[in-house]
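Dear colleague,

I am passing on a structure that you have not worked with before, and below it you will find an account of what turned up when I went through it. Please keep the view open while you read.

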Amino acid sequence: MKIVVIGGTGLIGSKLVADLEGRGHTAVPASPDTGVDTLTGEGVAEAVAGADVVVDVSNSPSFEDAAVMEFFETSTRTLLAAEAAAGVGHHVALSIVGTERIPDSGYMRAKVAQEKLIEGSSVPYSIVHATQFFEFARRIADDATVDGTVRVPPVLIQPMAADDVAAGVCEVALAAPLDGTVEIGGPEPLRFEDFVRLRLRAAGDEREVVSDPDALYFGAHLDERSLVPGDGARLAETRFEDWLAGPAGAG
Ligand SMILES: NC(=O)c1ccc[n+]([C@@H]2O[C@H](COP(=O)([O-])OP(=O)(O)OC[C@H]3O[C@@H](n4cnc5c(N)ncnc54)[C@H](OP(=O)(O)O)[C@@H]3O)[C@@H](O)[C@H]2O)c1
């Protein structure tokens, strides 16, 4: 199959392109770097022409509320219109476990808007809800740092390795469209503060990490299980402790 990967130069996208090629398919990375811009529309029609599947693992360069909404709404509309015109048979998008449970986050609202556009389009689709990537822990810590202390909510998180996210999206992209959503997650729930503290310590970062009932996650209040996938989720095997002990953990 020919599979176009929008955001194919990013963290998940580059791993996904390698996975798809490894399974014998033609995977074409598309991003501004390769002359395809889903915000302006530049190169989009040409990129999706002849594709069997289009996978969208792009991300907004800015997480500011209005910018991220503009990114996911405009880019998704542009892509879906081009795919419908080209007769693409499957649109796959990567989103986040719990998007619908965290409406006070502008980022999550933008992901919900993206999902609604996909669900309302004529293109057969699959939406993959993934939990937070292990690789995302330091960005979470930086956003949650107040006067040198990292303050995170007292809740559970069930993170997963980016390699496993890419593998999960690859499976979905090679299967028939679900016209629905599937959840993927890490093998075990962790306390949020343990996840962040262990990641920082492995990288030699000694910032204090505390659990704080008033702490927000990118501006949003979280409940104990807001970030935890449901019973039907496909759980990956890589444990956080093992990942930290490997080459990626020290980086
Ligand atoms: N972080 C998490 O824990 C988490 C959890 C679950 C789901 N997700 C979702 O995973 C997805 C991928 O995240 P990631 O961390 O792999 O992203 P990333 O590494 O930041 O990569 C973003 C990709 O989007 C491309 N892009 C940016 N602007 C574009 C545009 N105008 N047109 C086309 N492509 C554009 C970038 O291309 P250039 O390199 O050329 O700029 C890059 O290839 C996101 O949708 C995110 O919501 C994230």
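In β11, Thr149 has Glu208 as its bridge partner. Please bear in mind from the outset that this is a predicted model. The pair belongs to an open sheet of 3 strands, ordered β6-β7-β11, in which the pairing is mixed. Because β6 (145-146) and β11 (208-211) stand at the edges and have a single partner strand each, one side of each is left without a neighbour in the sheet. Helix α7, residues 192-202, packs on this sheet and touches β7 and β11, and its direction makes about 175° with that of β11.

β6 and β7, by contrast, pair in the antiparallel sense over 2 bridges, with Val146 opposite Thr149.

Between β6 and β7 there are 2 residues, and the two strands form a hairpin. Asp147, which lies in the loop between these strands, has a positive phi of about 50° although it is not a glycine. Is Asp147 buried or exposed? With a relative accessible area of 79%, Asp147 lies over the 50% cut-off and is therefore exposed. A positive phi, of about 45°, is also found at Phe218, again not a glycine, and this residue sits in the loop between β11 and β12. Phe218 counts as partly exposed, since its relative accessibility is 23%.

**The nonpolar cores**

Which residues have the most contacts inside the largest nonpolar core? They are Val150, Phe192, Phe195 and Val196, in a core that has 31 residues. At least two residues of this core are supplied by each of α3 (65-86), α4 (106-119), α5 (137-143), β7, α7 and α8 (240-245), and α7 gives the most, with 4 residues. In soluble globular proteins, nonpolar side chains tend to be buried together.

Leaving out residues up to four places away in sequence, Val150 touches Ala141, Ala144, Thr145, Val196, Leu200, Arg207, Glu208, Val209 and Val210. There is also a second, separate core, which has 26 residues, among them Val169, Cys170, Val182 and Ile184.

**The seven-stranded sheet**

Another open sheet is formed by 7 strands in the order β2-β1-β3-β4-β5-β9-β12, and here the pairing is parallel. Its edge strands are β2 (26-30) and β12 (234-235), each of which pairs on one side only. Within the sheet, 6 bridges join β4 (residues 90-96) to β5 (residues 125-130), which run parallel, and His91 stands opposite Tyr125 in β5.

Two helices deserve attention alongside this sheet. Helix α6, residues 162-174, packs on the sheet and touches β1, β3, β4, β5, β9 (180-185) and β12, with its direction making about 150° with that of β4.

**The largest pocket**

Which residues lie nearest the centre of the largest pocket? They are Ser58, Asn59, Ser60, Phe63 and Tyr107, out of 43 residues that line this pocket. About 960 Å³ of space lies in the largest pocket. Two or more residues of its lining come from each of α1 (11-22), α3, β4 and α4, and the largest share, 4 residues, is that of α4.

Finally, a few details on Ser14, which lies in helix α1. Its relative accessibility is 35%, so Ser14 counts as partly exposed. Apart from its neighbours within four places in sequence, Ser14 is in contact with Gly8 and Thr9. The C-alpha atoms of Ser14 and Glu241 are separated by 24 Å, the two residues being 227 residues apart along the chain.

With best wishes

Key:
Residues are numbered from 1 along each chain as its sequence is written. This is a predicted model: local features need pLDDT of at least 70, side-chain atom pairs count only at pLDDT 80 or more; totals for chains, interfaces and linings use all residues. Side-chain values use heavy atoms; hydrogens and water are left out. Two strands pair if DSSP finds at least two bridges between them. Contact means heavy atoms within 4.5 Å. Axes are lines fitted to C-alpha atoms, for helices over the stretch in contact, and angles run from 0 to 180 degrees between N-to-C directions. A nonpolar core is a set of buried Ala, Val, Leu, Ile, Met, Phe, Trp, Tyr and Cys residues joined through side-chain atoms within 4.5 Å. Buried means under 20% relative accessible area, exposed over 50%, partly exposed in between (1.4 Å probe, protein chains only). On a 1 Å grid over the protein atoms alone, a cavity is a set of points where a 1.4 Å probe fits but cannot get out, and a pocket is an open set with protein on both sides within 12 Å along at least five of seven lines; lining residues have an atom within 4 Å of a point. Grid points are joined across faces, edges and corners, and a volume is the space filled by probe spheres set on the points.
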